[in-house]
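This report goes through one protein chain, from its overall build to a single residue. Look at the sequence and the model before reading on.

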Amino acid sequence: EGFLKIRRTPFDGPVLLFAAVALLSALLSINRIDSLTAFVPLLLGVFSYFAIVNVAKEKSSLMFIISSFATGSLVVSALSVLAFFKIYLLPYNFTQIESFTSFGSLLDQSIYLGIALFVCGYFVMPVIDKPSGIKAKNIAFGVLSLCLILALFVSIYQLFTTQKPIILPFQTGFQTAFASISQDASRIAQGFFLGSGFGTYATDFTRFKQAIFNQSSDLWNLTFLRSSSFVLELLATTGVLGFLAYLYLGLKGFKEAIASKKDEGNAAALALVILFIVSLILPFSFISQTLIFILLGLLAVGQGLKTEESLRFFDVEFQLVEFRKGLIAAESSERKHEANRILPISFFVLILAIVGVVGFASFQYISSDIKFQSSLVFASANNGLETYKAQADAIAVFPYRDSFYRVFSQTNLALANAFAAQQPKGSSPSAQTQQTVSTLIQQGINAGRNATTNSPLTAVNWQNLSSIYRSLIGVGQNAENFAIATQQQAALLDPNNPQEYINLGGIYYQLGQYDNAQNQFQIAVNLKPDYANAYYNLGHALESKNDFTNALTQYQTVKNLVSNDKNSLEIVNKDIDNLNKNKANGQAVSSSSKLNLSTPQTQLPPQSPQIQIPAPSVSSEAGK
């Protein structure tokens, strides 16, 4: 018809503002690829809001969307409840467990089912008020509400019994959020206003958690991908601007929901209020985030159906007219103009381009997941060659996943070690074998480097790269220096994790630098005074220095800490016996016991001459 019609609502500005801040924080993030990848589901949630608002303009359309939402919740409920009673509808092995949920998390499922219950229950309330006015629709939603109650009860029961969720304590959530926006020395202003980057909370957690977190015996060695609540996560990852933009969006939605009248058009009002409140106290996955925009869209459609709200919920027509009348005319009337179709066609092309780019990238992302999953199947069957091919294919399809690069680097290293181990002792490897091993080593290092390049603030990437270089000590030139530098960078990004210092101390120990090893193990002990492994490694370093008295003290501490672990207790007792023998001989003798002594994951046999290997792709301040 030659014009472009867009529905205007009071939510448009807040939704666009929140999305814009999240996108800007992602674009300016150091872990930019991770952040942009995490932003895509949020973008699709924003698309869903505008799609609902601009498509559903009749009551029948609104009820169709609500019914679709209700049907989806019914399917989720059926799968969850039947699985709980060991009735499995899906033929896949991973779905045939009592706690199966299509959400991957019972907490996320409980939030979803609770919100769906509020939406469906809205249509049951009129029956309670006026039983004589019951309709088939009310009966259907009533039955559905009963199903949701049962499924919600089953989910919550499991959350409090067999499947207790692991949620970051609020104290740590507050501390890391405020530290992220105030202690990022290299990005003070950017960190304060825009945070570390949408969806990158894991890096905030590792960088800014305090040493007191190590006192938690169950949580200290975990890396949390989400904060204690969604708003605290937003504060850390999108800064003050993202936090305020979300509060503005929430207040707009809250105000509109409270002011709405009790009719079918506002079935989402109470559910939206509850969801915003829940976001203050619980972490949200992308499913719950998308649910916010869907409920906003349903509320906007419901309000737009009311005549008295036409001044706030209305259609705007944009069209190109003759130049003497102005280039672009915007009006909300029903007047028709004989306008050309350049504007609507251009808008269509723009939307098509956005959907095409996002869709293509999403297709690649999912395809890489499928290919990588097949590699895990091959790995479980001990088929190294097919594992290698599938992982290489997955990375080729979507070359931006640091986790894929990490695993691929270790696969290359394992294959190189397997080829080297096949060589009979005393014989010289063939030129082909040497070339294959060298190629696999180079590919393993490059994959590890790519992981640090894609996500330079992710400590585990540097730890992985360090483990690769450590495995090549005696094989590659400067491998020991590269191993130390990259492990120092890992410790710099996860400064209060005692394991990082045990890894670094283990490298020094392997190189015979026992004083340096002792210093690193002592830092680990200071960070977590009840960590038996730290004392155990410290004891070995002291024993290697012939400091038998202090080494015995460390072993005795280990013995006290592992008194309830029969296997560990047996190992440390053997070490104490060996130490006493060493003390009698006056020199240290290497022990055969391995109670988590820091050693390389893989160690290739030494080569002479050593091969030249790539250095870390990013020089770290710690390395300097």
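Buried residues, those under 20% relative accessible area with a 1.4 Å probe and protein chains only, make up 48% of the 624 residues in the chain. The model is predicted: local features need pLDDT of at least 70, side-chain atom pairs count only at pLDDT 80 or more, and totals for chains, interfaces and linings use all residues. Residues are numbered from 1 along each chain as its sequence is written, and side-chain values use heavy atoms, without hydrogens or water.

The chain has 23 helices and three strands, which are DSSP runs of at least four residues (H or I) and at least two (E), numbered from the N terminus. Contact means heavy atoms within 4.5 Å. Some values for the chain follow.

| Property of the chain | Value |
|---|---|
| Box filled by the C-alpha atoms, along the principal axes | roughly 100 × 60 × 50 Å |
| Share of contacts with a separation of 6 or more that join residues 24 or more positions apart | 72% |

One residue can now be placed in this chain. Ser-196 is found in the loop between helix H8 (188–194) and helix H9 (201–208). Is Ser-196 buried or exposed? Ser-196 counts as buried because its relative accessible area is 6%. Leaving aside neighbours within four places in sequence, Ser-196 is in contact with Ser-29, Ile-30, Ser-180, Arg-187, Asp-204, Ala-236 and Thr-237. Ile-111 is 85 residues from Ser-196 in sequence, and their C-alpha atoms are 27 Å apart in space.

How values were computed. Buried means under 20% relative accessible area, exposed over 50%, partly exposed in between (1.4 Å probe, protein chains only).
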